[in-house]
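Here are my notes for your review. Please read them with the coordinates open.

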Amino acid sequence: MAEIPEHLLKRAEEAKARASAEESSEPSSDQSSETKVPEELLDRTKAASDRETVLATQDSGAQVESPPPPPTTAGPAGHTQRLLAVVKSGSIQDVKLKPVDKVHVWPHLLVVEFVAALAVTAFSVVFSIFVNAPLLELANFNQTPNPSKAPWYFLGLQELLTMFHPMVAGVTIPGLALFLLILAPYIDKNPSNKPEDRKFAISLMTIHLMFWAVLVMIGSFFRGPGFNFIFPWADGLFFEL
Amino acid sequence: MAKQSLSEKLADISEKTKSSQAWNSIFRPGSIFRKGYSDSPRNRSYVVMNSLIYHLHPVKVKRHAVKVSYTLCLGGLSFFLFILLTVTGIFLMFFYRPTAAQAWDDIYTLQTSVTFGLLVRNMHRWAAHLMVLSVFLHMARVFYHGAYKAPREFNWVIGVILLTLTLLLSFTGYLLPWDQLALWAVTVGTNMMGYTPVFGDQVRFVLLGGVEIGTDTLLRWYVLHVLMLPFVAVIFMAIHFWRVRKDGGISGPL
């Protein structure tokens, strides 16, 4: 049931009372004395159609131009409109807003975020208590450490350097990878986000990520002095974070 | 008149504080610090609406969006690690001078004679590596959920820019301790950038502030690390977070 505001109900009630009072004082062509709005409306349309048939017969008899009769029912002070009913939005109009299952950010999301932040803080504090950041001896231009390694996230690139010309390994391949990554949403036109609909995209990305992950791991753990291939369990670890 | 009990006094003080102009000027009407908090849907909305949280979150989000198994908190944690790095980084700045003559000594002194110096430097280092990892994993997560698709294409672009900025932030910080690890890691990295076609030498010169790594490089990378890159990253983060909301909240469910 639609909730009709109280003041509107009251106004409608008053208007109805006034209209019925006028109706009883001056008899109109409208025969209906029903107070229910839908009934009244029905009768009115009936009366209108009756009138039209009368006019039509008149027209066929003698071609007399008669102006259409004024509205039979005018409200108090000549109002031609009044509130008939309040219709709840969405019952007639097609409102495109579909109900979404939502939850309050507080507490449901903020608590999760707070706990996650706390966990990461705790982890980094504890880890930092037990593991020290490396600080090797003072920088020395005359003594190149063997091997010299880039930060771990660039070790994939350094690994590529052993296979390609530096311009290809250091600029072209990473540049192309970054460029394709940025363009991903414009290349992949498939609108679905269901894994079963995007087997190709997922395979391609997985291969791409694995490619870098494997290169980074080889560069980090399997490269020793002279950037030669080694086994970390046999020759030791040549890796600083 | 009977002597007031302690709890009555405390209640009186809190009443006076809460009706003071200062208190009411700090907390907006509807703030839980003004009118107290009791659990009701209206108050749950007010917690967000009448605080700074409203800049980050709407009042309500889709139910699946709060599931940890969907996001793994990776984006939020990347942002949190950025804050953690800012806080620890500011602490480190008090004890560090970016010149070839002083940088390494300053780090050494920080570790040996400053209270919590070693701990804070460790935290800065590990949080930095963690942030590179979490930003990378966040990107993978977003890709596997297809969350870069319309209408979120542009936010993906911003995200890739943020990933690049994260790597640059980490890399510029790598040089600052001015030890053997820093010097030679950066030598390897900048030699690679020197192979940029056409402008290679110029790119290298601008990055190093000279033809080879030296005290000018240190100053340059220090300014990039503590000021310019964070500044740019914050701007892109602001756009990134704003777009998450404007594009209809986080994606999904699958």
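This is a predicted model: local features need pLDDT of at least 70, side-chain atom pairs count only at pLDDT 80 or more; totals for chains, interfaces and linings use all residues.

1. The backbone oxygen of Val216(A) sits 2.7 Å from a polar atom of the Ser220(A) side chain. Ser220(A) belongs to helix α6 of chain A. Ser220(A) is buried, with a relative accessible area of 2%.

2. Now the surroundings of that serine. Leaving aside neighbours within four places in sequence, Ser220(A) is in contact with Lys149(A), Trp152(A), Leu155(A), Phe238(A) and Phe239(A). Phe154(A) is 66 residues away from Ser220(A) along the chain, yet their C-alpha atoms are separated by 9.7 Å.

3. Chain A as a whole. Its secondary structure comes to seven helices and one strand. The order along the sequence is α-α-β-α-α-α-α-α. Of the 241 residues in chain A, 26% are buried. Among contacts in chain A with a separation of 6 or more, 55% link residues 24 or more positions apart.

4. The second largest pocket deserves a look. Its volume is about 1300 Å³. The lining counts 41 residues, and Tyr153(A), Phe154(A), Leu157(A), Pro174(A) and Leu167(B) lie nearest the centre. Both chains contribute: α5 and α6 of chain A, and α8, α9, α10, α11 (200-208) and α12 of chain B, each supply at least two lining residues. Which helix gives the most to this lining? It is α6(A), with eight residues.

5. The largest nonpolar core also draws on both chains. It has 34 residues, and those with the most contacts inside it are Tyr153(A), Tyr96(B), Leu175(B), Trp178(B), Ile213(B) and Leu218(B). Two or more residues each come from α4 (155-161), α5 (166-187) and α6 (199-221) of chain A, and from α7, α9 (153-175), α10 (180-193) and α12 of chain B. The largest share, seven residues, is from α10(B). A second, separate core holds 33 residues, including Ala184(A), Met123(B), Trp156(B) and Leu165(B).

6. Not counting residues up to four places away in sequence, Leu218(B) touches Tyr96(B), Pro98(B), Thr99(B), Ala100(B), Ala103(B), Leu175(B), Leu176(B) and Trp178(B).

7. One joins Asn146(A) and Pro147(A), with omega about 0°. Pro147(A) lies in the loop between α3 (105-130) and α4 of chain A. Another runs from Ala150(B) to Pro151(B), with omega near 5°. Pro151(B) is in the loop between α8 and α9 of chain B.

8. Positive phi values come next. Most residues other than glycine have a negative phi. Cys73(B) is not a glycine, but its phi is positive, about 65°. This residue is in the loop between α5 (68-71) and α6 of chain B, and it is buried at 17% relative accessible area. Trp178(B) has a positive phi near 55°. Trp178(B) occupies the loop between α9 and α10 of chain B. With a relative accessible area of 3%, Trp178(B) is buried.

Definitions and conventions
Residues are numbered from 1 along each chain as its sequence is written. Chains are lettered from A and ligands numbered from 1 in the order in which they are written. Side-chain values use heavy atoms; hydrogens and water are left out. A nonpolar core is a set of buried Ala, Val, Leu, Ile, Met, Phe, Trp, Tyr and Cys residues joined through side-chain atoms within 4.5 Å. Buried means under 20% relative accessible area, exposed over 50%, partly exposed in between (1.4 Å probe, protein chains only). Helices (H or I, at least four residues) and strands (E, at least two) are DSSP runs, numbered from the N terminus. Contact means heavy atoms within 4.5 Å. A polar contact is a pair of N or O atoms within 3.5 Å; within protein, one must be able to donate a hydrogen and the other to accept it, and residues adjacent in sequence count only if both atoms are side-chain atoms. On a 1 Å grid over the protein atoms alone, a cavity is a set of points where a 1.4 Å probe fits but cannot get out, and a pocket is an open set with protein on both sides within 12 Å along at least five of seven lines; lining residues have an atom within 4 Å of a point. Grid points are joined across faces, edges and corners, and a volume is the space filled by probe spheres set on the points.
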